[in-house]
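Trainee: Please take me through one part of this model up close. Then show me how other parts pack.

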Amino acid sequence: MYHFPTFDLYLYKDMKCNFHTHTTRCRHATGTEREYIEKAIEAGYQILGFSDHSPYLFEEGHVSPYRMKLEELEGYIKTVDNLKQEYKKDIQIFTGLELEFLPKYFEKTFHEIEQYSLDYLILGQHYLDEECPEDGAGYEWRDEERLKTYIDRVIEAIDTGYFLYVAHPDIINYVGDEATYKKHMKRLVTEFKKHNMPIEINVNGCRERRIYPNKYFIELGIENGNDFIVGVDAHSPQDLTDRDTYQECLNLVPEVIMWTGERQIK
Ligand SMILES: [Zn+2]
Ligand SMILES: [Zn+2]
């Protein structure tokens, strides 16, 4: 039986937090866990959550190039747990995973993961059904049905209760009209509010000038009175000390960002 999240996110709303951190195990990040922790301390974080890309049990033969393997999960958790103890005087560390909700494989994947001692999961819905480019959220989607299906899927994932929050909820590269985009994204901000989940503003997307954070989406959240959290989505230890991009993210939502330890909260 799953046991996460092991904490209430809102307990830490006045502290400087980052719950979105990767490690080399996902094959597209650099630096050791220790280096991430040292940089987080240097940057003044009081809470650091590791959320590397979870293993996923795809069909036999498909090995994901973007995630740790199942056999690496135990080592990941042990490494973070040991550092958690070692650094406990300086920073509070949580062990998590970034995971997608792909219905065809989710149940068997989740069944494996829930057996480990994790603190939390964040949903990172990079794909719709399969790990292939056409199903990627970054693929140019013009079709409303696809946007609708994607948002339905994220909502279904949130409704499981397994996830602390949603990473880059605005990752979808919808290239149709703005009214259709807003119609479906409005459903998402409403869902977040219902579940008391903040909207992540993703620092990595901002630094790399990706389509997220999406200003239209953020506006919807502001209008709807949602809470916001900054997720560094660190793929190298230096990402944690990139103050300029962090500030750029804060500027997108003046006055209402929690979990920064520095802003006035609502
Ligand atoms: Zn992600
Ligand atoms: Zn990530």
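Mentor: Strand 3 (residues 92-99) is largely enclosed by the rest of the structure, because 7 of its 8 residues are buried. Buried means that 20 or more other C-beta atoms lie within 10 Å of a residue's own; 12 or fewer means exposed, in between means partly exposed, and C-beta atoms are placed from the backbone. Strands here are DSSP runs of E with at least two residues, helices are runs of H or I with at least four, and both are numbered from the N terminus.

This is a predicted model, where local features need pLDDT of at least 70, side-chain atom pairs count only at pLDDT 80 or more, and totals for chains, interfaces and linings use all residues. Residues are numbered from 1 along each chain as its sequence is written, while chains are lettered from A and ligands numbered from 1 in the order in which they are written.

Now the partner of strand 3. Strand 2 (residues 47-53) pairs with strand 3 in the parallel sense, over 7 bridges. Two strands pair if DSSP finds at least two bridges between them. Gly-49 has Phe-94 in strand 3 as its bridge partner.

Another pair comes later in the chain. Strand 6 (residues 199-202) and strand 7 run parallel, joined by 4 bridges. Asn-202 stands opposite Gly-231 of strand 7. In strand 7 (residues 228-231), Phe-228 and Val-230 point one way. Ile-229 and Gly-231 point the other way, and all of these are buried.

Next, a contact across the sequence. Leu-9 sits in the segment before strand 1 (17-18). Leu-9 is buried, with 21 other C-beta atoms within 10 Å. Leu-9 and Met-197 are 188 residues apart in sequence, and 8.7 Å apart in space, C-alpha to C-alpha.

Last, the helices. The axes of helix 5 (residues 178-194) and helix 7 (residues 215-224) come within 9 Å and cross at roughly 45°. Axes are lines fitted to C-alpha atoms, for helices over the stretch in contact, and angles run from 0 to 180 degrees between N-to-C directions. Helix 5 and helix 7 are therefore oblique to each other. Angles under 35 degrees count as roughly parallel, over 145 as roughly antiparallel, 65 to 115 as roughly perpendicular, and the rest as oblique.

Helix 1 (residues 33-42) and helix 2 (residues 70-86) pack at about 40°, with axes 10 Å apart. Glu-33, Arg-34 and Ile-37 of helix 1 make the contact with Thr-79, Val-80 and Leu-83 of helix 2. Contact means C-beta atoms, placed from the backbone, within 7 Å.

Methods:
Contact = placed C-beta atoms within 7 Å.
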